[in-house]
Amino acid sequence: MENTTLRPNNNRVDWNLLWNEDLKNMPKLNNSAWDKIAAQFDRWMETDDYPYKFLEKVKIKPQYTVLDIGCGNGAVTLEIARKANSVTALDISDKMIQILQKNALKEGLSNIEYIKAPIQDFRIKKMYDVVIASRSLNGVADIKNQLEKINSAASKYVFITLWGVNARGFEKKAYEIIGREFKPHPDYLYVYNILHQMGINANVEMLECRMKPGYVNLDEAINFLKWRIADLKDDEEHLLRRYLLKTMFRNEDGLLYYPYDKSDWVLIWWKK
């Protein structure tokens, strides 16, 4: 979608403040939360076509240096490392970085630098040709400060992806089942408007991802929801199990899928 089709709202609106206010309603996923889910996340990515959709849009040349913020298990990082001169991979989770290191070793990739730190604490000491933040900014407070940091670190391109307005469908239904109020996450429109206020005329594209996470068994699906929903009670878990037993189906690959789950990721990118 061309960026000219969007009409940013009044520049007097403090979009960063609104982002922070909405973010207060979201579960806090710290490094221990990501460590706990790392192994399952690595396997979930095997049935996720998001990395391929994202990588189709990222502009990489052999001489480029890349900063990958929130590298996770390296589903995106490894492919970029194959194409670029070097990649700096940043993540808050030791377990995620260990998985990335293991996979890079298997593939003989030695051009990746690994840094364990949240973006808020990471001090950028050099410029990179390309900076990417793939699905890693959704829970970051004071997003404007981080966008300024990211923009200042890139000499050629910035690519970030954020939740769309219809994201978190699986969680939304889970909240309904257990009788809790579902509060939407601040989406890409906040960031688009912040960038506009910063003088950045960004491009916006909806990524048409079709794959859904596949789960080995019902316990794994419940663990995903426990990860995403804070303080899930025993009676709430019982309600979810009963609902998922009736709803989920097993595909020919042997994995369980939730039929109404849908990826909703939006790419925002700009050229320096």
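View 1. The model is predicted: local features need pLDDT of at least 70, side-chain atom pairs count only at pLDDT 80 or more, and totals for chains, interfaces and linings use all residues. Residues are numbered from 1 along each chain as its sequence is written, and side-chain values use heavy atoms, with hydrogens and water left out. Contact means heavy atoms within 4.5 Å. Helices (H or I, at least four residues) and strands (E, at least two) are DSSP runs, numbered from the N terminus. The axes of α7 and α9 lie 11 Å apart, at an angle of about 85 degrees. Axes are lines fitted to C-alpha atoms, for helices over the stretch in contact, and angles run from 0 to 180 degrees between N-to-C directions. The two helices, α7 and α9, are therefore roughly perpendicular (65 to 115 degrees).

**View 2. Helix α10 spans residues 234–247.** Its 14 residues reach 20 Å from first C-alpha to last, close to the 20 Å expected at 1.5 Å a residue. The expected span is 1.5 Å times one less than the number of residues.

**View 3. Helix α8 (188–197) is mostly covered.** Seven of its ten residues are buried: Y188, Y190, V191, Y192, N193, I194 and L195. They pack against α1, α6, β5, β6 (203–207) and β9.

**View 4. The largest nonpolar core has 35 residues.** Such a core is a set of buried Ala, Val, Leu, Ile, Met, Phe, Trp, Tyr and Cys residues joined through side-chain atoms within 4.5 Å. L137, I160, V191 and I268 have the most contacts inside it. Elements supplying at least two residues each include α1 (15–23), β1 (65–69), β4 (128–134) and β9 (265–271). The largest share, six residues, comes from α8.

**View 5. I268 and its contacts.** Beyond four places in sequence, I268 touches V158, F159, I160, L162, Y188, V191, Y192, L195, A202, N203 and V204.

Conventions. Buried means under 20% relative accessible area, exposed over 50%, partly exposed in between (1.4 Å probe, protein chains only). Angles under 35 degrees count as roughly parallel, over 145 as roughly antiparallel, 65 to 115 as roughly perpendicular and the rest as oblique.
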